[in-house]
Amino acid sequence: MSDALSALRKEVADVARQARELDPDAERLEEWSRAVAAHVLESVSVRGGEAAYTAEMGSEDTSLRETGVDIAAALAALGSVERTGINQTSGRHFAFIPGGGLFPAALGDLLADVANPYAGIRFAAPAAAALEHSLVRWMADLVGYPETAGGDLTSGASVATLEAIVTAREARPIAVADVDRTVVYLTEQTHHCVEKGLRIAGLGDCIVRRVQLDEKLRMEPAALDAAVRSDRESGLNPWLVVATAGTINVGSVDPLPMIADVADAYGLWLHVDAAYGGFFLLTAYGRDKLVGIDRSQTTVLDPHKGLFLPFGSGALIVRDVGQLAEAHRYSATYLNDARAGVDAWSASDLSIELSRPFRGLRLWLPLKLFGIAAFRAALEEKLLLARYFHAQLCALPGWEVGPDPDLSVVTYRYLPTNGDANGFNRRLLDAVLASGRAAISGTEVNGNYTLRLAVMHYRTHLNHVEELIELLVTQAERLEAA
Ligand SMILES: *Cc1c(COP(=O)(O)O)cnc(C)c1O
């Protein structure tokens with residue numbers, strides 16, 4: 001061997017000694033796995049009972065160094081990272097839309113990450129792709145789309161919404177010159193990710209109409225019809241209507257069949273944002289509320305809400321998968337062989353992403369282990385608990401309560417005998433959070449600050465709702481007295 005080659009071999013051997021630390025032996029892996037499992041199991045059993053909200057941050061050292069530490073030190077350094085803010089493992093979490101975090105989803109992530117199949121390209125991971133396809137098909141059936149449907153498992157509803165907008169933009173093409181005469185129909189209750197998506201998709205200059213709402217904050221189909229007709233007559237280009245099946249603020253469901261009638265009559269693209277409300281389709285009540293959702297072109301669902309998964313799970317379902325593929329098409333010489341002769345879509349054909357985690361497993365494992373009936377029961381429970389809270393608060397003096405919940409969000413506020421209700425309810429929110437006994441959040445409805453209850457945590461049961469009512473009543477009395 002030449003001297004140069006020998007020197008190179010020695011150099012490789014020198015760095016390899018340290019590089020091999022990235023591939024620990026079985027004994028070390030077992031030690032780490034046991035330590036993490038013990039830590040996690042302790043959190044699972046203990047954390048649900050801890051404060052639902054904690055403001056203070058710890059002072060752990062999370063900085064990075066040249067040399068590694070042992071697992072105990074790493075876990076200790078995590079400390080307040082897991083504990084500060086809203087306790088997402090608490091059944092007393094009623095703020096925003098609670099995220100849940102079913103335990104087997106984390107095990108699914110572990111399985112997925114260790115094997116790390118390349119789920120973006122079917123050739124590289126055909127069985128993983130097939131499993132994800134079956135999950136998309138399950139959701140398409142839930143929505144009621146035909147066999148032509150397909151979709152993408154995304155990181156959340158915001159990305160899924162962007163993909164829906166891009167799909168609509170390509171399928172009902174908008175020339176650049178036409179953007180500023182193109183009209184999108186939303187309401188004041190439409191989630192902000194729609195306008196963000198429009199802007200990112202290059203459609204920030206289109207005309208946005210906020211269609212009038214009824215007294216339950218649902219889109220008025222007659223007002224939509226009138227707006228579209230008038231825009232048409234003025235030579236504008238009515239293009240997209242977004243209906244929401246469960247608004248984030250108040251949980252209202254827009255009248256989907258009547259909106260679909262208007263969309264059909266004028267050839268509008270109908271997108272349904274069912275990020276929060278979509279999985280209520282598993283219940284008879286939800287199917288009734290969301291009737292008409294199957295008439296849309298695209299639907300967004302968030303398994304990290306309605307299926308109680310940890311954050312990072314959204315889904316876009318498209319009636320005609322060919323349109324989704326057309327909008328996300330690409331070519332790359334280095335992938336020609338991997339894509340040749342494969343006659344089914346790969347995730348990357350239907351997505352903004354190329355490399356992506358094997359997201360399906362975190363969804364599949366809980367569904368497989370628990371069975372669908374357990375999810376249906378949990379969702380029915382959330383609907384009933386919201387109605388229970390609504391009825392209870394209606395019966396108590398001093399409270400102004402929003403309409404009967406369409407789904408599992410209730411708005412409410414306390415009307416103090418003296419002074420400004422907005423300021424009072426802000427203080428009430430602060431008092432509830434400071435107590436640590438429940439996490440709640442507020443919003444504005446018709447210009448008034450209002451509190452809201454969102455029942456969506458898999459751990460939330462009747463006793464938690466009763467505890468919240470008791471807490472609200474005592475804190476309101478205390479603030480009234482102060
Ligand atoms: C949560 C939510 C979104 C945004 O979803 P992310 O998963 O947070 O991106 C959009 N629309 C509605 C109705 C939602 O509830």
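Helices (H or I, at least four residues) and strands (E, at least two) are DSSP runs, numbered from the N terminus. The model is predicted: local features need pLDDT of at least 70, side-chain atom pairs count only at pLDDT 80 or more, and totals for chains, interfaces and linings use all residues. Residues are numbered from 1 along each chain as its sequence is written, and side-chain values use heavy atoms, with hydrogens and water left out.

**View 1. The shell around the ligand.**
Helices α6 (157-171) and α11 (303-306) each supply at least two residues of the shell around the ligand. There are 13 residues around the ligand, and Ala157, Ser158, Asp273, Asp302 and Lys305 come nearest; a residue is near a molecule if one of its heavy atoms lies within 4 Å of it. By type, the shell holds five nonpolar, five polar and three charged residues. Here Ala, Val, Leu, Ile, Met, Phe, Trp, Tyr, Cys and Pro count as nonpolar, Asp, Glu, Lys and Arg as charged, and the others, Gly among them, as polar.

**View 2. Polar side chains at the ligand.**
A polar contact is a pair of N or O atoms within 3.5 Å; within protein, one must be able to donate a hydrogen and the other to accept it, and residues adjacent in sequence count only if both atoms are side-chain atoms. Serine 158 has a polar side-chain atom 2.6 Å from an oxygen atom of the ligand. For lysine 305, an N or O atom of the side chain is 2.8 Å from a ligand oxygen atom, and for histidine 304 the corresponding separation is 2.9 Å. The ligand taken alone exposes 380 Å², and the protein buries 86% of that. Accessible areas come from the Shrake-Rupley method with a 1.4 Å probe; for residues, only the protein chains shown count as cover.

**View 3. The largest nonpolar core.**
A nonpolar core is a set of buried Ala, Val, Leu, Ile, Met, Phe, Trp, Tyr and Cys residues joined through side-chain atoms within 4.5 Å. Buried means under 20% relative accessible area, exposed over 50%, and partly exposed in between (1.4 Å probe, protein chains only). The largest such core has 64 residues, of which Met139, Tyr185, Leu224 and Val241 touch the most other members. Helix α5 (residues 126-143) gives the most to this core, with nine residues. Domain 1 (109-370) and domain 2 (373-481) both give residues to the core, so it lies between them. These domain bounds come from an automatic or database domain assignment.

**View 4. Two residues with positive phi.**
Most residues other than glycine have a negative phi. Phenylalanine 96, in the loop between β2 (85-86) and α4 (103-115), has a positive phi near 45 degrees. Leucine 217 has a positive phi of about 65 degrees and lies in the loop between β5 (207-210) and α8 (221-233). Leucine 217 counts as buried because its relative accessibility is 10%.

**View 5. Histidine 328 in its loop.**
Histidine 328 lies in the loop between α12 (321-327) and α13 (336-339). Its relative accessibility is 9%, so histidine 328 counts as buried. The side chain of histidine 328 reaches the backbone oxygen of leucine 324 at 2.9 Å.

Leucine 361 is in helix α14 (residues 360-370) and, at 11% relative accessibility, counts as buried. Leucine 361 and alanine 106 are 255 residues apart in sequence, and their C-alpha atoms are 9.3 Å apart in space. Leucine 433 belongs to helix α16 (residues 421-435) and is buried at 16% relative accessibility. Between leucine 433 and proline 397, 36 residues apart along the chain, the C-alpha separation is 23 Å.
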